[in-house]
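Hi there,

Here is the structure I promised to pass on to you. Have a look at it first, and then read on for what turned up in it.

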Amino acid sequence: MGLQYKFDVVAALKDKGITSYKIRSEKLLSESTLQKLRKGEGVSWDNLETLCALLECQPADLIEYV
């Protein structure tokens with residue numbers, strides 16, 4: 001199976017008040033990265049860093065190996 005997200009990352013961003021509109025308008029993540037997150041697909045290290053900064057967490061809080 002490999003790596004997977006522990007929770008719905010897009011929903012967690014919304015819970016923090018970070019909407020898809022804000023992500024796109026402030027160019028925090030690309031639209032293709034948002035689509036990957038919605039599908040549960042992997043993202044780059046840079047995007048993982050951005051997610052950790054936005055969600056104030058560590059990579060191990062986001063992903064797990066199954």
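Which residues of H3 are buried? They are Thr 33, Leu 34 and Leu 37. Here "buried" stands for under 20% relative accessible area, "exposed" for over 50%, and "partly exposed" for anything in between, using a 1.4 Å probe and protein chains only. Helices (H or I, at least four residues) and strands (E, at least two) are DSSP runs, numbered from the N terminus.

Before going further, a word on where this comes from: the model is predicted, so local features need pLDDT of at least 70 and side-chain atom pairs count only at pLDDT 80 or more, while totals for chains, interfaces and linings use all residues. Residues are numbered from 1 along each chain as its sequence is written, and side-chain values use heavy atoms, with hydrogens and water left out.

**Helix H3**

Seen down the axis of H3, they fall within an arc of 100°, so they line one face of the helix; the arc is that of the directions from the helix axis to the C-beta atoms. Their cover includes strand E1 (3–5), H1, H2 and H4.

Leaving out residues up to four places away in sequence, Thr 33 touches Val 43 and Asn 47, where contact means heavy atoms within 4.5 Å. The side chains of Thr 33 and Asn 47 are also joined by a polar contact of 3.2 Å. A polar contact is a pair of N or O atoms within 3.5 Å; within protein, one must be able to donate a hydrogen and the other to accept it, and residues adjacent in sequence count only if both atoms are side-chain atoms. Just after H3 comes Gly 40, with a positive phi of about 80°.

**Helix H4**

Asn 47 brings us to H4, where Asn 47, Leu 48, Leu 51, Cys 52, Leu 54 and Leu 55 are buried. These residues are on the same side of H4, because they cover an arc of only 165° around the axis. What do the buried residues of H4 pack against? They pack against H1, H3, H5 and strand E2 (63–65). On the face turned away from the buried side, H4 carries the exposed residues Trp 45, Asp 46, Glu 49 and Ala 53.

**The nonpolar core**

In soluble globular proteins, nonpolar side chains tend to be buried together. In this model, the largest nonpolar core has 17 residues. Such a core is a set of buried Ala, Val, Leu, Ile, Met, Phe, Trp, Tyr and Cys residues joined through side-chain atoms within 4.5 Å. Val 9, Leu 13, Ile 23, Leu 37, Leu 51, Leu 55 and Leu 62 have the most contacts inside the core. Helices H1 (9–15), H3 (31–39) and H4 (45–55) each supply at least two of its residues, and H4 gives the most, with 5 residues.

Apart from neighbours within four places in sequence, Leu 62 is in contact with Gln 4, Tyr 5, Lys 6, Phe 7, Leu 48, Leu 51, Cys 52, Leu 55 and Cys 57.

**Charged pairs**

How many salt bridges does a search of the whole structure find? It finds 3, a salt bridge being a side-chain nitrogen of Lys or Arg within 4 Å of a carboxyl oxygen of Asp or Glu.

One of them joins the side chains of Glu 56 and Lys 16 (3.3 Å, N to O). This pair links distant parts of the chain, 40 residues apart: Glu 56 is in the loop between H4 and helix H5 (59–62), and Lys 16 is in the loop between H1 and helix H2 (20–25). Glu 56 counts as exposed at 65% relative accessibility, whereas Lys 16 counts as partly exposed at 42%. Glu 56 follows H4 and has a positive phi, near 55°.

Glu 31 forms a salt bridge with Arg 24 (3.2 Å, N to O) and another with Arg 38 (3.5 Å, N to O). Through these shared partners, Arg 24, Glu 31 and Arg 38 are joined into one network. Arg 24 is partly exposed at 38%, as is Glu 31 at 34%.

Happy exploring, and do write back with any questions!
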